[in-house]
Each structure stands twice: as structure tokens, then as C-alpha cells.
Amino acid sequence: MSRAQWRRGFKRAFALAAYAFFFVGGSLGALGQEPATKRADGVDVARADETSVDAPRMNTQTNGWFVYEGSEQNLCVLAYIGPATNQLSIPQQINGGRVQRIAHRAFYKRGFSSVSIPDSVCEIGAFAFGECTNLVTVAIPGKVQKIDDFSFLNCSHLTRVELNDEVEDIGKMAFAGCERLTQIHLPNKLCHISDGAFIQTKLEQVDAPASLVEVGVGAFAQCDRLTNVLFRASGVIVQANAFGECARLTAVTFLGTVRKVGVLAFTGCPALHAVRFKMPTFRIIDPTAFKDSPHVNFYQLSKEGDVKLERMALFMKEDH
């Protein structure tokens, strides 16, 4: 099998697996349904609107611009029904009640170019701003600890995201397909970057904080402008295909210990030439982790300078 054939086969297998896992709970039965839209990696999402609709809501209210529900101290915004606008400003209070949540799919596929989220908000639901293709900037307020799954999926004009320092978890495909997103500051408390979180974005560098525990499956796959990755954490896990097909990636540095580098984690990175470890631990790097990254060399960081490691020893030597 040629390299090109292997890549095409791998991309298709990965896309189908991701589709099944994310959208139909692992069941391939939905693959035969009529497609309704395109996902970040080009796979048709079969009736995603139908499979992810919330249960019927009770006791909803409106103030003329927003549909909402909940108690006075815990309002949840469900939708915007006000006049057409490019700039959405979500109020901190509605009819005397405090806005704390933005519902699942609240602004899905709306045409806003900018969104102002009040500091009172502590939860943003899945798909809340998904497919908002005109959205350019967004700032996440300080009480939000998780960017939920698919929150900004395919926001193709999104160029600026301000994450607060309290964010601990970036959900599945949260920024997938944000093809103009070139920079993002990863907060100092961030623990998890979930599956596909930044797939097919234009990020140029990844500076992962010391708090990071895990980078999920395909989290930064196909980021074709990514050049450098720095891990500051100890005990980090890099899952399968996390940085697969990053064509311009040249250097990866681990400043702490590594718990795992998974299957095909850095596959198809032809420009990758240096992977540096401060304290290399063996048996945790999968033999396929750097498949089709033919120019990679491994180095141990030391006070005397980088020490080149033998490739086979890296994968075969036992821990001491």
C-alpha cells in the first residue's frame, strides 16, 4: 500500500470512527440516513439536529428578546428572538433574574459576528454557538470551568477566543473546524483537552500548561499551520492521532515526564525533526506514534545540551 493510499484510508477510518463516537454513540446504523450538514472533517452529519434535540422544555418565558427558564437566581437562556443584529449582548439579568446558564444549542447557526457573555454565566451548553459561521470574537467569562462539547463547532470566521483562567476542560470538538483560529491562550488550570477539540484549526503554536493531564484523540489533528508544541506538565497523556497530519509541525518538547504517547499520535508530520524529553521514560511511546514522520530525531534535554537518543532504544528499552 502506498503512503497516499494509507493516508486516505486512515483519514476515512478516523473520520468514520469519530462520527460514530461523537454523534451516534458508536452505532453505525445512522450512516445510511440523509445528511443534513457537514462536520469539521467533511463528514456528513446524519440528522444531527434530530439526534441532539433537548427534551421538551416546560415553563419557558420571554422578555421579548430572549427565551429563558429557571428560578430567579439561576436563569438559563434558551434562545434569542429579538431584532436582527450582528452584535449579541446577553444580559446579566432578565426580569430581575440572574442569568447563569446558556442552554444547549441556544444560538446554533445564528448570524452574530460578536457575542458578549456576562460574568454571571457559569455554564455554556453543547452546540451553544455551533455553526455560527459569522462569529469573529468571543470572550469566556470567569465562572465558566468547562467549554462544553461542540460549543463553537465550525465557527469558520472565529479568529479570537479569550479563555478565562478558571477553565479546566475543553470539550469534544469544542473548536473543531474554526479554520481562522490561529492563536489561543490555554489557561493555567486546564486539565483536559478532549477529543477533536481543535481539529482543523489554524493554530500556529501549542503551549500546554503545567496543569494539563491529557490531550484527547485527534485533539489537534490536521492543524496544518502548527509548527511547535510545548508540554510543561509532568505525567501528560497524548492520545491516539492527537497531532496527526500536522504538515508543518517541526518540534515537540516535553519538559516533564510522559505517561503515554498513543497510537499514531504524531503520524503524518513530514516536517517534524525534533522531539525533546527532559526525562525520557520508555515503554510508554507506542511504536506507531511517529509513523510517516520520517525525519524525526529524539533528544534528551540536559544541562550539557541535547543528547540524541537512538530511535529503537526509545521504544524498546525497559524503565529503570
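## Basis of the description

Because the model is predicted, local features need pLDDT of at least 70 and side-chain atom pairs count only at pLDDT 80 or more, while totals for chains, interfaces and linings use all residues. Residues are numbered from 1 along each chain as its sequence is written, and side-chain values use heavy atoms, with hydrogens and water left out.

## Aromatic pairs

A search of the whole structure finds 18 aromatic pairs, where rings of Phe, Tyr and Trp (its six-membered ring) pair if their centres lie within 6.5 Å, and planes under 30 degrees apart count as stacked, over 60 as edge-to-face and the rest as tilted. One of these involves Phe 66 and Tyr 80, whose ring centres are 5.3 Å apart with the planes at 65 degrees, so this pair is edge-to-face. Phe 66 lies in strand E4 (residues 66-71) and Tyr 80 in strand E5 (residues 74-80), so the pair ties together parts that are 14 residues apart in sequence; helices (H or I, at least four residues) and strands (E, at least two) are DSSP runs, numbered from the N terminus. Both Phe 66 and Tyr 80 are buried, a word that means under 20% relative accessible area, whereas exposed means over 50% and partly exposed lies in between (1.4 Å probe, protein chains only).

Phe 175 and Phe 198 form a stacked pair, with 5.4 Å from centre to centre and 5 degrees between the planes. Phe 175 lies in the loop between strand E14 (169-170) and strand E15 (192-193), and Phe 198 in the loop between E15 and strand E16 (205-208), so this pair ties together parts that are 23 residues apart in sequence. Phe 175 counts as buried at 0% relative accessibility, and Phe 198 counts as buried at 0% as well.

Arg 105 is found in the loop between E8 and strand E9 (114-116), and it has a positive phi of about 65 degrees although it is not a glycine. The charged end of Arg 105 sits over the ring of Tyr 108, 4.3 Å from the ring centre, which by definition requires NZ of Lys or CZ of Arg to be within 6 Å of the ring centre and within 35 degrees of the ring normal.

Asn 95 also has a positive phi, near 50 degrees, in a residue other than glycine. Asn 95 is placed in the loop between strand E7 (93-94) and strand E8 (97-102), and at 60% relative accessibility it counts as exposed.

## An open sheet

Strands of a sheet pair through backbone hydrogen bonds, either parallel or antiparallel. Here six strands form an open sheet in the order E16-E18-E20-E22-E23-E24, with mixed pairing, where two strands pair if DSSP finds at least two bridges between them. The edge strands, E16 and strand E24 (307-309), each pair on one side only. E16 and strand E18 (residues 228-231) pair in the parallel sense over four bridges, and Ala 208 has Phe 231 in E18 as its bridge partner.

## Cysteines without disulfides

The search of the whole structure finds zero disulfides, a disulfide being a pair of cysteine sulfur atoms within 2.5 Å. The sulfur of Cys 155 has its closest cysteine sulfur in Cys 178, 5.0 Å away, which is too far for a bond. For Cys 223 the closest cysteine sulfur is in Cys 246, 5.1 Å away, again too far for a bond. Cys 155 is buried, with a relative accessible area of 0%, and Cys 223 counts as buried at 0% relative accessibility.
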